[in-house]
Amino acid sequence: MATNSSKPIPWALLGPWLALLAACVFFATQSDRFLTGENLSLVLQQVMVVGLLAIGQTLIILTAGIDLSCGMVMALGGIVMTKFTMDLGLHPAVAVLCGIGVTAAFGLLNGLLVTRVKLPSFIVTLGTMNIAFAITQIYSEAQTVGNLPESMTVLGNTFSLGGTSVAWGTVVMLGMYLLAWHLLRDTAAGRHVYAVGNNPEAVRLSGISVERVLLGVYVLAGVLYGIAALLSVARTGVGDPQAGQTENLDAITAVVLGGTSLFGGRGIILGSLVGAVIVGVFRNGLTLMDVASVYQTLITGILVILAVAADQLSRKGAR
């Protein structure tokens, strides 16, 4: 079962970095504030939630699936954490574990529907996205949960690094990327993820349970969404029932821009981090240039189409 985890296609390896470099050079010429340490740190803070969601999304897309529910599941996890603390009086650490448990349960539900009922991941996660949104609104009564204890928002605090304020949540995000990179590159389980995306039938014939790999990927993605919920709560200081409504598309955008193939089996997890930063850089740079947000959305859409087109061309060239 050959995989491309060790020999990525040129676009997956170079494209995202070249795009990020070009974007940084352009915005540096447009604003003197862009390359300051505080601004670059702000970019990382702004993308840390989407960046973490993108890890789970990458794992699923590597298996030739997709998860539309990640943003809404994250929002539900955040509401569970905050309301369990404020309304039920649970210790924040216990409440956080409960929130992660809920997001993991949604991952398990997605995985079971994909593996046992054999439903397409697009349809499954479209349904669970709406279910998670409805539960979030009902349970929270569409009200923001505030006055959270300091221990629940500590990852939103910053420390000084070379005179630049860096959020602890950014460190968590980067650490999770390094861990995911190691697991995908250096473990048998990581190689199985790539193999399932490349050729699930060959995986089955080799004696590896495709269903078990897929189920593990969806559950792990759910856990990552729960950690992203904690970062979201830490960054905003509240449990927001309206959170997550665009993060699913932002996460998919980051994965695609990072060079992971939507057809499965090819991609680099660190590319998703670069993709998330690319989106953050464009939004930050265009904001510094006083460009309206609608044009930021337009440019992001164009970048996604270009990335998918490049992936399609690379697939044709490899045949």
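Arg283 is partly exposed, at 30% relative accessibility. Here buried means under 20% relative accessible area, exposed means over 50%, and partly exposed lies in between (1.4 Å probe, protein chains only). The model is predicted: local features need pLDDT of at least 70, side-chain atom pairs count only at pLDDT 80 or more, and totals for chains, interfaces and linings use all residues. Residues are numbered from 1 along each chain as its sequence is written, and side-chain values use heavy atoms, with hydrogens and water left out.

The side chain of Arg283 meets that of Asp250 in a salt bridge, at 3.1 Å from N to O. The pair links distant parts of the chain, 33 residues apart. Asp250 sits in helix α11 (residues 247–257), and Arg283 sits in helix α12 (residues 269–288). Asp250 is buried, with a relative accessible area of 11%. Helices (H or I, at least four residues) are DSSP runs, numbered from the N terminus. A salt bridge is a side-chain nitrogen of Lys or Arg within 4 Å of a carboxyl oxygen of Asp or Glu.

The whole structure holds 6 salt bridges. One of them joins the side chains of Lys118 and Glu211, at 3.0 Å from N to O. This pair also links distant parts of the chain, 93 residues apart. Lys118 is in the loop between α4 (92–115) and α5 (121–140), while Glu211 is in helix α10 (residues 210–236). Lys118 is exposed, with a relative accessible area of 56%. Glu211 is partly exposed, at 30% relative accessibility. Another salt bridge pairs the side chains of Asp186 and Arg185, at 2.9 Å from N to O. Both partners count as partly exposed: Asp186 has 37% relative accessibility, and Arg185 has 42%.

Ser293 lies in helix α13 and is exposed, with a relative accessible area of 53%.

Helix α13 (residues 293–318) also holds Ile302. Ile302 is partly exposed, at 43% relative accessibility. Together with Val294, Tyr295, Leu298 and Leu306, Ile302 makes a nonpolar surface patch of about 510 Å². Patches are made of residues with over 30% relative accessible area and no salt bridge; like charges are joined within 9 Å, and nonpolar side chains (Val, Leu, Ile, Met, Phe, Trp, Tyr) within 5 Å. Accessible areas come from the Shrake-Rupley method with a 1.4 Å probe, and for residues only the protein chains shown count as cover.

Helix α3 (residues 70–86) is mostly covered. Of its 17 residues, 16 are buried. The helix reaches 24 Å from its first C-alpha to its last, close to the 24 Å expected at 1.5 Å a residue. The expected span is 1.5 Å times one less than the number of residues.

The largest pocket contains about 310 Å³ of space. A pocket is an open set of points on a 1 Å grid over the protein atoms alone, where a 1.4 Å probe fits, with protein on both sides within 12 Å along at least five of seven lines; lining residues have an atom within 4 Å of a point. Grid points are joined across faces, edges and corners, and the volume is the space filled by probe spheres set on the points. The lining has 19 residues, of which Leu59, Leu183, Leu184, Val193 and Leu220 lie nearest the centre of the pocket. Helices α2 (37–62), α7 (168–186), α8 (188–198) and α10 each supply at least two lining residues. Helix α10 gives the most, with 7 residues.
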